[in-house]
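Please open the model in a viewer and keep the selection tool at hand.

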2 protein chains.
Amino acid sequence: MTTPGLAGLPVVWSGDCLRHEPAGEVWLGVWEQGTEVPERATVLLSALTGAGATVTDARPHADDALLAVHDAELVEHLSAIWAQWEAGGYVSEYGRTRVVPYVFPTPGLLCGLPMRSPAATHGRAGKFCYDTMTLVGPGSWEAIRAAADAALTAADLVAAGTPLAYALCRPPGHHAGPAAYGGSCYLNNAAIAAQALRGSGAGRVAVIDIDAHHGNGTQAIFYERADIYYGSLHVDPGAGWFPHYVGYSSERGTGEGTGANRNLPLAPGTGDDAWLDAVEVLCGDVRERGADAVVVSLGVDAAAADPESPLQVTADGYRRAGQLIGALGPVVAVQEGGYDLPSLGGLVAAALSGLLDGRT
Amino acid sequence: MTTPGLAGLPVVWSGDCLRHEPAGEVWLGVWEQGTEVPERATVLLSALTGAGATVTDARPHADDALLAVHDAELVEHLSAIWAQWEAGGYVSEYGRTRVVPYVFPTPGLLCGLPMRSPAATHGRAGKFCYDTMTLVGPGSWEAIRAAADAALTAADLVAAGTPLAYALCRPPGHHAGPAAYGGSCYLNNAAIAAQALRGSGAGRVAVIDIDAHHGNGTQAIFYERADIYYGSLHVDPGAGWFPHYVGYSSERGTGEGTGANRNLPLAPGTGDDAWLDAVEVLCGDVRERGADAVVVSLGVDAAAADPESPLQVTADGYRRAGQLIGALGPVVAVQEGGYDLPSLGGLVAAALSGLLDGRT
């Protein structure tokens, strides 16, 4: 494909994002090669700089920005779990080279009793992680923290007047909720950026999530709030797709946030036309509600070649989505999913070029 | 050890209980050899018949007896999941030879949204199973159902006047709650038996759980009821043991069931004296409250040689526990855990001989 011109686009990045090496995932009891690999970031970095974008270092931010959207207990857990895992002998004694929980405090286990923080590291892990595919190992926390800093730095740029900034976040974030992580996500980079934009003076912020999967974490974080809209189009969880339990169209927010949450589940096989129609629905919401800044959860795993979803979006579809969203106002684009290494760079470049085009 | 005489003791058994072959368990992401193996049942059968006990066939019972303590949705799931797994290609296409969930609807995932039944078998599995170590394969349902029939048949015998009947249930049951399974348990054989005794005219029933682990499922099933007492002594979940989230001394029942639930968590390393003191506390509860029949959740994994707990109970301790409990009234003994194959038969025989001795 033609390389889109991304001259002047800031790509916020930290080399620490490469330090997270989950080395696989456990799916239905079997350890298999995962798709959320460090090469995703190097491929993206290469493609975007090749198209003229400028790399900007992620700057450290205080934990306050994380704690504005996540429970302190989750942040503490993520920062400490690997050291606890090593100290507990799970590597040396039991040969578990990554943190994977084995018991999960579902309603069927708790049966109405209050949630606890079990004493044993291996029992506690499932309180914070709701699946077996989101592994923690050496270097994970440094990458998780760096990805949040990248999102925050991009938000700083936009708050300072840059019309579009892209945060090359890895690991991704939109499945991470207030108090739990999963879906290859740990901290919610997009939510952290959206909240930071609010703190920088944006009265209303919209998060538009075009990743192929529902951003259950972002939804949960802002579900009761009117000041931060969340809209997502994604493969229908009711058709059998992750996150299975959340992401349905009936979820419209609650309390003051009623109406500020919109899910548009799409049938497997959906291609550009219907997908772009859904993008436009979300853009219509944002125009109607008003937004001083927009955060795009930029996953490109809705692409036809992607192994993680059955959607059939093309690079041109991503470009056109970018144009629609870019017209809404200043944009922080935060990298979410996208796992087909050969096409990944071109897809993100296409979306970003559309966002640049769309600026009014 | 001296073989205790078990002449006349009915051992209720179904050969179908051997058909459950989990072929391992997934602990912290790694498939390892499990301890809940069919050989447990054959070892027990051999030891008990060798000591003079009489094998009695488990008789089929209607599902009503299961549905009296379990949600219909759980029973339906357990009966259908293996066929769904095969039909879904999880074996043929993905090489998953046993049902193991990968995503779990914890409070951190649901974030206050209502529980759903996801369309995809692999997504729905975690609604009903709260861990990765309780596998389902071909033959599992037949064994699960047969174990429940064994417990029900033993309850029938006691309701008809037999002072002591033993159900050789495999798989075990006390971790299975109203709507979810885990901890190598699927249906709650002891709870099913206790409820059946109520239906047969026992006004008050007591369940005494001497398995090394807390019977969170039994507790949950009867937590709001005054007519069925639940008392358990077990290795302290607060010291790092399964089921981690439940089994604390503060859990005393609720509503009409307030006070009819008692947990006595024991420190790792606890031996006969303190363990028997705890058994006596539960027996005191039962004497005080009155019980027309007693169900013993007879796990022997508190034994020193057992790989699944750090307690240090001896065969003589089990015999003495049996004497204490046997003095309370008619007893249905239901097999729960116990995983050290060389000592397993002797430990259960010791407990049963004590129960026979204890009869007043």
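Begin by selecting helix H3 (residues 72–87) and helix H5 (residues 121–128) of chain B: their axes come within 11 Å and cross at roughly 145°. Helices (H or I, at least four residues) and strands (E, at least two) are DSSP runs numbered from the N terminus; axes are lines fitted to C-alpha atoms, for helices over the stretch in contact, and angles run from 0 to 180 degrees between N-to-C directions. This is a predicted model, in which local features need pLDDT of at least 70 and side-chain atom pairs count only at pLDDT 80 or more, while totals for chains, interfaces and linings use all residues. Residues are numbered from 1 along each chain as its sequence is written, chains are lettered from A and ligands numbered from 1 in the order in which they are written, and side-chain values use heavy atoms, without hydrogens and water.

Next, display the side chains at this crossing. Residues of H3(B), including Leu74(B), Ile81(B) and Trp85(B), meet residues of H5(B), among them Ala125(B) and Phe128(B) (contact means heavy atoms within 4.5 Å).

**The sheet**

Now select the eight strands of the open sheet in chain B, ordered E4-E1-E5-E10-E9-E6-E7-E8 with parallel pairing (two strands pair if DSSP finds at least two bridges between them). Strands E4 (54–57) and E8 (261–266) of chain B stand at the edges with a single partner each, so one side of each lacks a neighbour in the sheet.

Within the sheet, select E9 (residues 293–298) and E10 (residues 331–335) of chain B, which run parallel and are joined by five bridges.
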